[in-house]
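Hi,

Here is the structure I promised to pass on to you.

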Amino acid sequence: MPALKARKPEYLKPSKPKMMLFGKPDSDKSKFACEFPNSVYMDTENGAVESQYVKTMNDNNSLYFGVKDGSQNLKEVIDQVKALIVSPGDRQSLVIDSVSKSLDTADAEAQELMGDAKDPYSSYKKAGIRQMRRLVMLLGQLDMNVLLIAHAKDKYEGVGDARKCVGTTFDCWPKLGHEMNLQCESQRIGAVTFMKVVRSKYASLIRGQEIPMTYEAFAKAYGRDVMERKPEGLVIATPEQVAEITKLTGILKMEQEELDGFLNKAGAEEIQDLSKENADKFIKFLDKKRKGE
């Protein structure tokens with residue numbers, strides 16, 4: 001009979017915010033993002049190249065990663081995130097502005113490569129979503145504040161003649177909002193901009209709460225001590241570990257579904273995204289399985 005694996009829940013140290021902010025143009029999303037201190041600002045739309053944004057980033061000791069650096073290439077973005085996971089240094093936050101553009105570009109590249117522009121099932125979108133899923137998995141391992149900015153679009157409910165617009169939502173991979181622990185919408189009333197909490201897993205922020213669109217106001221609401229805590233690097237799987245796992249899963253003829261199950265449990269999308277500790281655990285498990293233990 002299988003042994004019960006459930007255990008008493010444990011308290012973890014407070015986590016840094018993993019948030020998505022969406023909204024209409026001219027609602028200060030980029031202005032807000034530039035205020036995050038010691039950030040890595042990934043600009044996918046050349047939207048933060050104007051002098052006022054550059055000054056704000058420089059004043060806050062931020063680093064810039066733009067289109068010329070490869071910000072529109074999701075694979076390049078993923079590589080940069082992996083570098084930050086291992087060696088965050090003094091970086092406290094990661095901003096991707098916008099993540100909508102990241103997925104659009106990945107879709108366009110896959111569509112061109114596959115040559116299925118008229119495919120009614122939009123098969124090319126699977127490639128972009130797979131990259132987005134991998135990015136989200138990696139963001140979960142990143143000991144930094146994460147701010148993903150997305151475009152807004154109309155939200156519809158119902159079908160046929162009953163279908164109607166019921167508000168706005170984000171324009172990106174639909175599951176992204178659930179993958180992030182905090183989802184906010186930027187809004188403007190006259191000269192005043194603020195963000196409204198749409199969804200939250202954090203006790204310090206509740207649904208419907210309104211926060212001025214400044215870093216100072218957000219840090220006060222969330223917890224400055226948590227947001228500005230020194231980040232810790234993660235030791236990822238070595239090339240030798242990756243090679244050993246690949247070899248053992250091949251010998252065992254492990255089904256992809258079983259492999260994906262372990263990776264998801266470990267918070268990884270690919271074998272090379274595993275931490276060194278989890279990779280070691282997986283190798284021991286596979287070795288015992290190979291020996292019939």
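Ser-186 has Met-195, in strand β8, as its bridge partner. Keep in mind while you browse that this is a predicted model. The two strands involved, β7 and β8 (residues 192–200), run antiparallel and are paired over eight bridges. They form a hairpin with two residues between the strands, and there you'll find Gly-190 with a positive phi near 65°.

β7 (residues 182–189) also pairs with strand β1 (residues 18–23), this time in parallel, through five bridges.

**A threonine in β8**

Stay in strand β8 for a moment, as Thr-193 sits there too. Is Thr-193 buried or exposed? Its relative accessibility is 11%, and buried means under 20%, so Thr-193 counts as buried. Its side chain makes a polar contact of 3.0 Å with the side chain of Asp-28. Beyond its neighbours within four places in sequence, Thr-193 also touches other residues, including Ser-27, Gln-187, Arg-188, Pro-212 and Met-213.

**Aromatic rings**

Now for the rings. How many aromatic pairs does a search of the whole structure find? The search turns up nine. One of them is Phe-218 with Tyr-222: the ring centres are 6.1 Å apart and the planes meet at 15°, so this pair is stacked. Both residues belong to helix α7 (residues 215–222), and because they are four residues apart there, about one helical turn separates them. Phe-218 and Tyr-222 are both buried.

Another stacked pair is Phe-262 with Phe-282, with 3.8 Å from centre to centre and 10° between the planes. Here the partners come from two helices: Phe-262 is in α10 (residues 256–265) and Phe-282 is in α11 (residues 276–290), so the pair ties together parts that lie 20 residues apart in sequence. Phe-262 is partly exposed, at 21% relative accessible area, whereas Phe-282 is buried, at 1%.

**An isoleucine in α5**

Next, go to helix α5 (residues 125–141) and pick out Ile-129. This residue is partly exposed, with a relative accessible area of 25%. Which residues does Ile-129 touch, not counting those up to four places away in sequence? They are Leu-103 and Trp-173. Try the distance to Leu-176 too: Ile-129 and Leu-176 are 47 residues apart in sequence, but 9.9 Å apart in space from C-alpha to C-alpha.

**Cysteines**

Last topic: disulfides. A disulfide is a covalent bond between the sulfur atoms of two cysteines.

How values were computed: Residues are numbered from 1 along each chain as its sequence is written. This is a predicted model: local features need pLDDT of at least 70, side-chain atom pairs count only at pLDDT 80 or more; totals for chains, interfaces and linings use all residues. Side-chain values use heavy atoms; hydrogens and water are left out. Rings of Phe, Tyr and Trp (its six-membered ring) pair if their centres lie within 6.5 Å; planes under 30 degrees apart count as stacked, over 60 as edge-to-face and the rest as tilted. Buried means under 20% relative accessible area, exposed over 50%, partly exposed in between (1.4 Å probe, protein chains only). Two strands pair if DSSP finds at least two bridges between them. Contact means heavy atoms within 4.5 Å. A polar contact is a pair of N or O atoms within 3.5 Å; within protein, one must be able to donate a hydrogen and the other to accept it, and residues adjacent in sequence count only if both atoms are side-chain atoms.
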